[in-house]
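Open the model in your viewer and keep the selection tool at hand.

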Amino acid sequence: MVNAVDLYRRHKVKLGVLLVTALLVFWLAVAFQRSFLLLGDPEPVAKAIGAGYLLLPCIGAWALIRELLFGAQTQRMARQLDREGGLPVDDLPRTPAGRIVRSAADESFPAYQVEVESDPENWRSWFRLSCAYDAAGDRKRARRAMREAAKLHRQDGAASTP
């Protein structure tokens, strides 16, 4: 029997994403409703503010959907790599607080960079490079590498579909 603590530990990230998504959806709904209230006001300035305010929930909804799709794509790639045995091994030393020791991550990084340079059209190499960037603390490059991996993964899937 699975207890609640084990269930929480296994799905902690998903629960966090669900909570943040629910809060953002609530904010988007309130902002959308407030923009329509302003659009219904007889004052031209209020109407203009309402029209401008209407853009915020539209942009927020677009960003939310984009990020959720990115997360789902990343999870699909990770599952596939796991089935293939191609996920990078998380054996880097950690501080007592659980953070990866930066110098150790920096030392392991060149191997992943060489892998991408030798086969730049392989999404698996880009995925592993993204993990190396993330371990080294470079989140911006990690996301960029993961987006490249996702693009190549979609192309790989389209090429293998009859």
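Select Met77, Trp123, Trp126, Phe127, Leu129 and Ala149: these have the most contacts inside the largest nonpolar core, which has 17 residues. A nonpolar core here is a set of buried Ala, Val, Leu, Ile, Met, Phe, Trp, Tyr and Cys residues joined through side-chain atoms within 4.5 Å. Buried means under 20% relative accessible area, exposed over 50%, partly exposed in between (1.4 Å probe, protein chains only). Now colour α3 (44-84), α4, α5 and α6 (139-160), the elements that give two or more residues to this core. Helices are DSSP runs (H or I, at least four residues), numbered from the N terminus.

The model is predicted: local features need pLDDT of at least 70, side-chain atom pairs count only at pLDDT 80 or more, and totals for chains, interfaces and linings use all residues. Numbering runs from 1 along each chain as its sequence is written, and side-chain values use heavy atoms, without hydrogens and water.

Centre on Leu129. Leaving aside neighbours within four places in sequence, Leu129 is in contact (heavy atoms within 4.5 Å) with Phe109, Tyr112, Gln113, Val116 and Ala145.

Where does α4 kink? Look at Ser108, shortly before the proline Pro110: the kink is about 30 degrees. That bend is the angle between axes fitted to the seven residues ending there and the seven starting there. The 17 residues of α4 should span 24 Å at 1.5 Å a residue, and the end C-alpha atoms are 25 Å apart, which agrees. The expected span is 1.5 Å times one less than the number of residues. Ala104, Ala105, Phe109 and Val116 are buried in α4, and the buried residues of α4 pack against α5.

Now the rings. There are two aromatic pairs. Rings of Phe, Tyr and Trp (its six-membered ring) pair if their centres lie within 6.5 Å; planes under 30 degrees apart count as stacked, over 60 as edge-to-face and the rest as tilted. Select Phe32 and Phe36: this pair is edge-to-face, 4.9 Å centre to centre, with 70 degrees between the planes. Phe32 and Phe36 are four residues apart in helix α2 (residues 12-39), so about one helical turn separates them. Phe32 is partly exposed at 38% relative accessibility. Phe36 is partly exposed at 45%.

Move to Phe109 and Tyr133, a tilted pair: 4.8 Å centre to centre, 50 degrees between the planes. Phe109 is in helix α4 (residues 102-118) and Tyr133 in helix α5 (residues 123-135), 24 residues apart. Both Phe109 and Tyr133 are buried.
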